[in-house]
Amino acid sequence: IFTMDLYNMAGSPSTRAIIMTAKALGVELNSKNVNTFVGEQLKPEFVKINPQHTIPTLVDNGFVIWESRAIVVYLVEQYGKKDSPLYPEDPQKRALINQRLYFDMGTLYDSFAKYFFPLLRTGKPGSQESLDKVNNAFGFLNTFLEGQDYVAGSELTVADIVILATVSTTEMVDFDLSKFPNVDRWYKNAQKVTPGWDENMKRLENAKQFLKDNMIEKLKV
């Protein structure tokens with residue numbers, strides 16, 4: 001029987017990016033929750049699937065892949081229609097999408113995680129230097145979006161979906177997007193045009209509630 005299992009933690013940006021991509025493709029995922037707060041990712045049965053024991057991890061009929069940006073590209077290439085606008089075959093269009101995905105991983109998401117995610121563990125955000133890096137990263141994204149409706153080219157791609165998952169995480173921490181008007185404009189539009197946005201917000205709300213119940217009050221920036 002054909003099954004596609006997604007080992008994930010419900011509210012994480014990387015999980016939400018995959019959920020939205022799957023929705024855009026009309027692909028069903030069997031969601032298997034892994035609670036990293038209590039170390040479920042270290043269970044031997046999961047380490048056997050992914051020796052790096054990171055989530056999300058996708059198991060597609062025996063084929064295992066992790067790293068969310070690799071997963072979204074795999075899903076489009078495997079299940080999207082030929083030359084899908086989500087990840088077109090044209091090398092230059094694809095290169096721009098890849099650049100934005102790497103920008104998200106190494107700059108935008110990375111800076112956001114380093115400043116805000118310590119809250120989840122310690123109740124305190126990262127340093128002022130970390131916050132400066134967040135603002136710099138959003139400044140770069142603001143520049144990329146000058147005169148553009150999408151982050152990589154003229155239509156919705158996996159780069160928009162992945163970056164939308166990152167940017168929407170600001171809803172958990174009251175980060176003021178209005179300082180970055182192009183990002184703010186893109187964000188409002190992306191919510192309307194991205195399949196699975198409602199599911200993304202539902203997962204964010206649940207994650208917010210989980211953190212409120214278990215760890216932190218909402219941080220004001």
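This is a tour of a predicted model, one selection at a time.

**Stop 1**

Select strand S1 (4–8), strand S2 (30–33) and strand S4 (63–66), and strand S3 (residues 57–60). These 4 strands form an open sheet with mixed pairing, and the order across the sheet is S2-S1-S3-S4. S2 and S4 are the edge strands, each pairing on one side only. From one strand to the next, the twist averages 20°.

Now keep S3 and S4 in view. They pair in the antiparallel sense, over 4 bridges. Two of the bridges can be picked out by residue. Leu58 has Ile65 of S4 as its bridge partner, and Thr57 has Trp66 of S4.

**Stop 2: the loops on either side of S3**

Select Ile55 and Pro56. The peptide bond that joins them is cis, with omega at about 5°. Pro56 is in the loop between helix H2 (44–49) and S3.

Move to the other loop and select Asn61, which lies between S3 and S4. The hairpin of these strands has 2 residues between them. Phi of Asn61 is positive, near 50°, and the residue is not a glycine. Is Asn61 buried or exposed? Its relative accessibility is 52%, so Asn61 counts as exposed, the cut-off being over 50%.

**Stop 3: helices H1 and H3**

Select helix H1 (residues 13–25) and helix H3 (residues 68–79). Their axes are 9 Å apart and the packing angle is about 10°. An angle under 35 degrees counts as roughly parallel, so H1 is roughly parallel to H3. To see the contact, show the side chains of Ser14, Ala17, Ile18, Thr21 and Leu25 on H1, together with Ser68, Ile71, Val72, Leu75, Val76 and Tyr79 on H3. This set holds 8 nonpolar residues, 3 polar and no charged.

Stay on H1 and select Ala24, which lies in this helix. Ala24 is partly exposed, with a relative accessible area of 29%. Which residues is Ala24 in contact with, leaving aside its neighbours within four places in sequence? They are Leu86, Ile161 and Pro195.

Asp83 is not a glycine, yet it has a positive phi of about 55°. With a relative accessible area of 43%, Asp83 is partly exposed.

**Stop 4: the largest nonpolar core**

In soluble globular proteins, nonpolar side chains tend to be buried together. Here the largest nonpolar core has 59 residues. Which of them touch the most other members? Select Leu29, Phe138, Leu141, Val167, Val183 and Trp186 to see them.

The largest share comes from H7, with 8 residues.

Take Leu141 as a centre and show what surrounds it. Not counting residues up to four places away in sequence, Leu141 touches Phe103, Leu108, Val151, Ile163, Val167 and Val183. Val167 and Val183 are also on the list of core residues that touch the most other members.

**Stop 5: helices H6 and H8**

The axes of H6 and H8 come within 7 Å and cross at roughly 70°. Angles of 65 to 115 degrees count as roughly perpendicular, so that is how H6 stands to H8. Select Phe138, Leu141 and Asn142 on H6, then Pro181, Asn182 and Val183 on H8; these residues make the contact. By class they divide into 4 nonpolar, 2 polar and no charged.

Finish on H8 with Asp184, whose place is in this helix. Is Asp184 buried or exposed? At 19% relative accessibility, Asp184 counts as buried, because the cut-off is under 20%. Leaving aside its neighbours within four places in sequence, Asp184 is in contact with Leu177 and Ser178.

Methods. Residues numbered from 1 in each chain as written. Predicted model: local features only at pLDDT ≥ 70, side-chain atom pairs only at ≥ 80, totals over all residues. Heavy atoms only, no water. Axes fitted to C-alpha atoms, helices over the stretch in contact; angles between N-to-C directions. Parallel < 35°, antiparallel > 145°, perpendicular 65-115°, else oblique. Contact = heavy atoms within 4.5 Å. Nonpolar A, V, L, I, M, F, W, Y, C, P; charged D, E, K, R; others polar. Core = buried A, V, L, I, M, F, W, Y, C linked by side-chain atoms within 4.5 Å. Buried < 20%, exposed > 50% of the residue type's maximum accessible area, 1.4 Å probe, protein only. Pairing = 2+ DSSP bridges.
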